[in-house]
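Please read the following account with the sequence and the coordinates at hand. It moves from the chain as a whole to its strands, and then to single residues.

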Amino acid sequence: MNAYEKTHLSMLRGHLAGCTVLLKKSGDFPLSAPGKIAAYGSGVRRTVKGGTGSGEVNSRFFTTVEEGLADAGFTVTTKKWLDGYDAIRRDAWKEFMKEIKARARKNHSNAMVEGMGAVMPEPEYDLPLDAEGDVAIYVLARISGEGSDRTDARGDIALSLTEIRDICVLAGQYEKFMLVVNAGGPVDLSPVLPVVKDILVLSQLGVETGAALADILLGKANPSGKLTTTWTSIAQACPVGEFGDRNDTRYNEGIYVGYRYYQTVDAPVMFPFGYGLSYTEFEMAPAGFSAEGETITVYTRVTNVGMRAGREVVQVYASMPAGTLPQPYQALAGFAKTSELAPGASEEVAVSFKLSNLASYDAARPGWVLEAGTAVIAAGACSACAKPVGKVVIPETISVLRTKNVFGQPDFEDWQPENPVTREIPDGVPAVTVTAADIPEQEVVYGEEPDIDPLVDTLSAEELAYLNIGAFNPKGGVASVIGSAAQSVPGAAGETTPMLKEKGVPTIVMADGPAGVRISKEYFVDKTGKRVGLGGGMPESIAAMLPKAAALFMNATAVKPGKGDPVCTQYCTAIPIGTAIAQSFDVDFAKLCGDIVGDEMTRFGIHFWLAPALNIHRNIKCGRNFEYFSEDPLVSGKMAAAITAGVQQHPGCGVTIKHYSANNQETNRYANNSLVSERAMREIYQRGFGICVREAKPLAVMTSYNLINGVHTSELRGQNEDILRAEFGFDGVVMTDWVIGGNYLVPNAKYPLPHPAKVADSGNDLFMPGSAANYKDMLDGLNKGYVTLHQLKINATRVVRMARRVNEEMEAAVIAADAAAAAGNEA
Ligand code: BGC
């Protein structure tokens, strides 16, 4: 392993348990020493380190649970069971492939489109559960990914009958038993909850997923993560709001997403938002409540009253007064994690937030308001156990910011609870008053334009078209669906045009994430000096869907290194998935993840990382939820901001926050229309992006594939200019998600794919990844008046300035680092 890989793994290792969530505990764990362990379940040998698709990171290796246990000194006694399971799984996969191909034929589509991200449900089987040992674990694994959504089916969100039977048997048969969930999102555990006493959500933690579990079983590390999404059984799942229609999906639930729904209607759930136990116990006591202007601070004393060291999360919730706008029972206002507290130790934790950040969006008088009344502030270790610690009196309605509505109208009014549960206004807690004088109303200046760059002003329409799309292949053809369209770095997802290099405009190189940097592991340098990736840029999960003939063809035509062509490596670290990072509730850890990514970007010449991804967990079925953080926009925004800060502390490295916005399902992902109200858009689906932009200034934003109320987000000027740039203050580059081909990807589409010129007209600077057809369409659209030459110049100005900036900064940093290393060597 290279030194940087070792460094990155050691930076992560001590934090991984902080991303895991202990759902149930009996005191049987941790174990005092490794010994014989009967490890069952699909995730033991087929441990999932992250999901599939563009988020699949090509790390050099990763540790499965089986390997992690062995490395930690355990003797895994279930080899026979695991071999048996392997054989069953291989056969099931063959059948699954047949099904995908048959489905593709039926839908007049192709296996890659039908199968992308498709979840193979766990097969049913019968293997003896007779391995030796006093301790057993069952590792339940689930994988999902880009291109398909999860389903309620057995073996996906529901447990398979085999899993239910085996887990129940094992819980009774071994002296100590832990159920370990190696999934990127919720699984309906309700059938086994009554019998299993110890449950850990291991999640998917990248390279050292298996090692992290061994650390936890042995008490070398203590779980301290909290759920960032409510876990319900299938029967309990929120019945309001549509999901998964190919064409039009109505977000009827409005702002009542996740716990905002469950708590307002007092619906039972398996495990609430913010929930998570520890091997130790904590007590929390209110320690102060104050207001300075509109900044409210809640102080909480956290004491470790248990027997082991651990960390706890203080969560502060606000129940806002309902006026003309209905309000959820409560919403997260802030959070903070303690440092590691030894048994008996305590720490005072301060959580601060601005009251204006709790404002609601009033679409009737467009803008953000705090309606008059009393807000109750509660603090605790989860959403269900937070207790009132103070109240904020708002004597008169305060207008925080006047805006304009931009999203159009869906064909419904948002659902509202008939008898909403509200928090009683408590006596005996401190009260503060905040008035309009504390929050001066802000004005938004819409329509500001950058000065056109002098070079850009001299460019022809053709050259401007080049700059407004990614790096197309002048020979035409279909570019890669999931990026490997970059020309300079093998396996990188995309790049801006090289056509203006002679005029001094360098390219911006982009690589995927969010679970690390996704580029080819190996490449060779051919005779002409070109770097050619080995193994292709296609994620393995997608390559597996290729028809046999295509796979053979690709293999036969794949360029291979000639004799003497040097093979180089670019190993990157697979970090925990987005949901796991968020479960840590630790913004310093999120920043550290960004730091690792930024270091690897510099090493391999990547300017833009196509991450973090911060779409809302609107429905647990979304196939890409594992990449995203939470059902809560505050958690999403804070995590994205911290990761951004970590990446962008490396000169010339920028993040691309995605997918902007309301991209909450994978079914027909290229052309699905999300119907959403202006209020829900603002408070739920835009808010995290706003937090990240305001706090951390990401260099780039990627619009999403979907439409909102009939318009593609990439063509939505109200979003890309009015909200993003004018209201949030974004001053970087906006790009589309990877729009490829036409009917190829969207058979029988109701809505067309976005048009490059209309995209440019919305202030979206880059149509990615770029093709000869996009270039022609851009010029054609210019002739038809879809976009003005002036707008192309504005977009090109942003691209050119950014390209110069990131290249200059990165080059200077690399030269400085090389000089420092040389000086070190000499000394
Ligand atoms: C995905 C994006 C990704 C892009 C480039 C798209 O299919 O939706 O998240 O960044 O491909 O690989």
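**From the whole chain to single residues**

The chain exposes about 30,200 Å², and carbon and sulfur atoms supply 51% of that area, as computed by the Shrake-Rupley method with a 1.4 Å probe, where for residues only the protein chains shown count as cover. The model is predicted, and local features are therefore reported only where pLDDT is at least 70 and side-chain atom pairs only at pLDDT 80 or more, whereas totals for chains, interfaces and linings use all residues. Residues are numbered from 1 along each chain as its sequence is written, and side-chain values use heavy atoms, with hydrogens and water left out.

The secondary structure comes to 20 helices and 30 strands, these being DSSP runs numbered from the N terminus (helices H or I of at least four residues, strands E of at least two). The radius of gyration of the chain is 26 Å, close to the 28 Å that the globule rule gives for 827 residues, so the chain is as compact as a globular protein of that length; the radius is taken over C-alpha atoms, and the rule is 2.2 Å times the number of residues to the power 0.38. Along the principal axes, the C-alpha atoms fill a box of roughly 70 × 70 × 70 Å. Of the 827 residues, 61% are buried (buried means under 20% relative accessible area, exposed over 50%, and partly exposed in between, with a 1.4 Å probe and protein chains only). Among contacts (heavy atoms within 4.5 Å) between residues at least 6 apart in sequence, 80% join residues at least 24 apart.

Strands of a sheet pair through backbone hydrogen bonds, either parallel or antiparallel, and pairing is assigned here if DSSP finds at least two bridges between two strands. Strand 15 (residues 373-380) and strand 16 (residues 387-394) pair in the antiparallel sense over 7 bridges, with Lys391 of strand 16 as the bridge partner of Val376, and these two strands form a hairpin with 6 residues between them. Strand 16 also runs parallel to strand 18 (residues 431-433), to which 3 bridges join it, and there Val392 stands opposite Val432.

An open sheet of 4 strands has the order 7-26-28-29, with mixed pairing, and its edge strands, strand 7 (248-250) and strand 29 (711-712), each pair on one side only.

Which parts of helix 9 (residues 461-468) are buried? The buried residues of helix 9 are Glu463, Leu464, Ala465, Tyr466, Leu467 and Asn468; with 6 of its 8 residues buried, helix 9 is therefore largely enclosed by the rest of the structure. These buried residues pack against helix 8 (454-457), helix 18 (756-761), helix 19 (772-784) and helix 20 (789-826).

Thr656 lies in strand 25 (residues 654-660) and is buried, with a relative accessible area of 0%. Leaving aside neighbours within four places in sequence, Thr656 is in contact with several residues, among them Ala611, Pro612, Val701 and Met735. Ala611 and Pro612 are themselves joined by a cis peptide bond, with omega about -5 degrees, and Pro612 has its place in the loop between strand 24 (608-610) and helix 14 (633-648). A cis peptide bond also leads from Tyr660 to Ser661, with omega near 0 degrees, and Ser661 is found in the loop between strand 25 and strand 26 (673-675).

Most residues other than glycine have a negative phi, and most peptide bonds are trans. Ser203, which is not a glycine, has a positive phi of about 65 degrees; Ser203 is found in the loop between strand 6 (199-201) and helix 6 (209-217) and is buried, at 2% relative accessible area. Phe585 has a positive phi near 50 degrees, lies in the loop between helix 12 (578-583) and helix 13 (587-604), and is buried, with a relative accessible area of 1%.
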